Amino acid sequence: MNLDDVSPATRLLEKRRQMFEVQEALETQKEEFARREELFKRREEALRKQDLELQQQLIRFNKFLQENDSKTARAEKKAAEEIKLR
């Protein structure tokens, strides 16, 4: 539509229509951004929980290894003492 050939009122209406369309597009983009941001936050929280669980598992595993090493050392010491007593 060539706005130079129409009345000022028609031009005003056309500009308002265009402005409305732009505003609608902006609102749609805002809604999509908010939806994606919420999705990102949920994913981030899930990853944070997984990371915490992995850290706790690592701590438990390291404790297990330390206890196992300690038991092995005690068993070896006891075996060595029993050999000496023979």
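Reader: What is the relative accessible area of Arg48?
Author: It is 47% for Arg48, so that residue counts as partly exposed. Buried means under 20% relative accessible area, exposed means over 50%, and partly exposed lies in between (1.4 Å probe, protein chains only).

Reader: What kind of model is this?
Author: This is a predicted model, where local features need pLDDT of at least 70, side-chain atom pairs count only at pLDDT 80 or more, and totals for chains, interfaces and linings use all residues. Residues are numbered from 1 along each chain as its sequence is written, and side-chain values use heavy atoms, with hydrogens and water left out.

Reader: Back to Arg48. Which residue does its side chain meet in a salt bridge?
Author: Glu44, at 3.6 Å from N to O. A salt bridge here is a side-chain nitrogen of Lys or Arg within 4 Å of a carboxyl oxygen of Asp or Glu.

Reader: Why would such side chains pair?
Author: Side chains of opposite charge can pair when their charged atoms come close.

Reader: Where do Glu44 and Arg48 lie?
Author: Both are in helix H1, 4 residues apart, about one turn of the helix. Helices (H or I, at least four residues) and strands (E, at least two) are DSSP runs, numbered from the N terminus. Glu44 has a relative accessible area of 35%, so it is partly exposed.

Reader: How far apart are the closest N and O atoms of Glu21 and Arg17?
Author: They are 2.2 Å apart, in a salt bridge. Glu21 and Arg17 are separated by about one helical turn because they are 4 residues apart in helix H1. Glu21 is partly exposed at 43% relative accessibility. Arg17 is partly exposed at 37%.

Reader: How many salt bridges in the structure?
Author: The structure holds 9. One of them joins Glu27 and Lys30, with 3.8 Å between the closest N and O atoms. Those two are 3 residues apart in helix H1, about one turn. Glu27 counts as partly exposed at 32% relative accessibility, and Lys30 does too, at 47%.

Reader: New topic. How many helices and strands does the chain have?
Author: 1 helix and 0 strands. The radius of gyration is 36 Å, well over the 12 Å that the globule rule gives for 86 residues, so the chain is more spread out than a compact globule. That radius is taken over C-alpha atoms, and the rule is 2.2 Å times the number of residues to the power 0.38.

Reader: What does the C-alpha trace span?
Author: About 115 × 15 × 10 Å along its principal axes. As a spacing check, Glu27 and Leu65 are 38 residues apart in sequence and 57 Å apart in space, C-alpha to C-alpha.

Reader: How much of the chain counts as buried?
Author: 2% of the 86 residues.

Reader: Last one. Which side chain does Arg60 touch in a polar contact?
Author: That of Glu53, at 3.3 Å. A polar contact is a pair of N or O atoms within 3.5 Å; within protein, one must be able to donate a hydrogen and the other to accept it, and residues adjacent in sequence count only if both atoms are side-chain atoms. Arg60 lies in helix H1, residues 8-85. At 46% relative accessibility, Arg60 is partly exposed.
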